[in-house]
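Here is a short report on a helix pair and a strand residue. Please look over the sequence and the structure first.

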Amino acid sequence: MSQKTLLNATEIHIALHRLACQLIEKHDTFSNTVLIGIQPRGIFLAKRLKELLESEYKIKNILLGQLDITFYRDDFRRSDKPFQANQTTIDFVVENKNVVFIDDVLYTGRSIRSALTAIQSFGRPLEIELLTLIDRRFSRHLPIQPDYRGRQVDAIGDEKVKVCWKENEGEDAVYLVKS
């Protein structure tokens with residue numbers, strides 16, 4: 001197994017600032033916008049963006065939730081091993097809000113399709129957008145595209161994209177891993 005570094009800590013830092021600025025351009029004060037991190041891996045990116053928007057760009061009262069899509073997945077009953085559910089925490093109303101889904105890697109689009117179904121349990125958003133750190137553009141099974149992307153990656157075949165966060169793996173890095 002070999003791995004190639006796609007983004008180092010500095011490049012991730014730059015991408016996060018760029019993504020934060022793009023969000024500000026569209027949502028200004030975030031008065032009618034909420035951020036939803038998709039469990040499990042999107043929540044690391046969502047928390048980082050919220051912290052950055054608040055500390056560096058002085059935006060107050062950003063609402064952040066985390067959405068578990070485990071039981072909304074289309075492969076839920078197809079696995080021999082049981083799925084491990086994560087926690088959903090959305091303690092605000094999404095009805096008529098602009099919702100920004102946040103995930104680390106957009107691959108087939110199936111997780112986002114699941115998130116679109118799951119969010120309906122919390123109300124009907126005005127608009128839903130997608131922010132992803134890595135967009136694997138040649139891997140879609142569904143016609144889903146990000147509104148905001150940190151980097152587009154052409155991973156093919158058995159190549160995998162691995163996003164590491166300091167809070168979880170001890171480093172900020174994105175790798176292309178070949179089996």
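## How the two helices cross

In this predicted model, α1 and α2 are roughly perpendicular to each other. The reason is the angle: helix α1 (residues 9-27) packs against helix α2 (residues 42-55) at about 70°, and the roughly perpendicular class runs from 65 to 115 degrees, so the pair falls into it. Their axes lie 10 Å apart. The crossing of α1 and α2 is right-handed.

## What makes the helix contact

From α1, the contact uses L16, H17, L19, A20, L23 and I24. From α2, it uses L45, R48, L49, L52 and L53. By residue class, the contact of α1 with α2 holds nine nonpolar residues, one polar and one charged.

## T33 in strand β2

T33 belongs to strand β2, which covers residues 33-38. Is T33 buried or exposed? T33 has a relative accessible area of 2%. The cut-off for buried is under 20%, so T33 counts as buried.

## Partners of T33

Set aside the neighbours within four places in sequence, and T33 is in contact with H27, N98 and V100. H27 also has a polar link: the side chains of T33 and H27 are joined by a polar contact of 2.8 Å. Residue 27 is also where the range of helix α1 (residues 9-27) ends.

P125 is a further reference point for T33. In sequence, T33 and P125 are 92 residues apart. In space, their C-alpha atoms are 9.7 Å apart.

Methods:
Residues numbered from 1 in each chain as written. Predicted model: local features only at pLDDT ≥ 70, side-chain atom pairs only at ≥ 80, totals over all residues. Heavy atoms only, no water. Helix = DSSP H or I, 4+ residues; strand = E, 2+ residues; numbered from the N terminus. Buried < 20%, exposed > 50% of the residue type's maximum accessible area, 1.4 Å probe, protein only. Contact = heavy atoms within 4.5 Å. Polar contact = N/O pair within 3.5 Å; in protein donor to acceptor, adjacent residues only side chain to side chain. Axes fitted to C-alpha atoms, helices over the stretch in contact; angles between N-to-C directions. Parallel < 35°, antiparallel > 145°, perpendicular 65-115°, else oblique. Left-handed = near helix turned anticlockwise from the far one by under 90°. Nonpolar A, V, L, I, M, F, W, Y, C, P; charged D, E, K, R; others polar.
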